[in-house]
Amino acid sequence: MLTCKEVSRTIASDEVTTADWRQRLAVKLHLLMCRHCRRYTRQMQAIGEAARQILSDTPPDRGSRDRLRDSILDQLPPAAENDSNSRV
Ligand SMILES: [Zn+2]
């Protein structure tokens, strides 16, 4: 079983796309069981999407920016939930 640290490193570095099937399966199994890493993965995906929009030639319209901001903020934990119980 992978640790949260190993999974978060794999997700953040995008190694999961080049990993062999055993590593990808281990990451998927961990994500099935760990809500902290699932949340982290969603946040990384939102950040990636925001970066792609920022780097695109056509700037997002105000509605898109607002929806993206709201989507990111919805996925962030409340300040009180950002505790030391997370193993990430
Ligand atoms: Zn985890």
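Select Arg-39, Arg-42, Gln-43, Ala-46, Ala-50 and Gln-53 in helix 3, which meet Leu-68, Ser-71, Ile-72 and Gln-75 in helix 4. Contact requires C-beta atoms, placed from the backbone, within 7 Å. By class, this contact has four nonpolar, four polar and two charged residues. Nonpolar covers Ala, Val, Leu, Ile, Met, Phe, Trp, Tyr, Cys and Pro; charged covers Asp, Glu, Lys and Arg; the others, Gly among them, are polar.

This is a predicted model: local features need pLDDT of at least 70, side-chain atom pairs count only at pLDDT 80 or more, and totals for chains, interfaces and linings use all residues. Residues are numbered from 1 along each chain as its sequence is written. Helices are DSSP runs (H or I, at least four residues), numbered from the N terminus.

Next, select helix 1 (residues 4-13). Val-7, Ser-8 and Thr-10 are buried there (20 or more other C-beta atoms within 10 Å of the residue's own; exposed means 12 or fewer, partly exposed in between; C-beta atoms are placed from the backbone). They sit on the same side of helix 1 because they cover an arc of only 160 degrees around the axis, taken from the directions from the helix axis to the C-beta atoms. They pack against helix 2 and helix 3. Turn to the face away from the buried side: exposed Lys-5, Arg-9 and Ser-13 are there. Just after helix 1, pick Asp-14, with a positive phi of about 65 degrees.

Finish at Arg-24, in helix 2 (residues 21-33). Is Arg-24 buried or partly exposed? Arg-24 is partly exposed because 15 other C-beta atoms lie within 10 Å. Show Val-16 and Ala-19, which Arg-24 touches, not counting residues up to four places away in sequence.

Key. Helices (H or I, at least four residues) and strands (E, at least two) are DSSP runs, numbered from the N terminus. Two residues are in contact if their C-beta atoms, placed from the backbone, lie within 7 Å.
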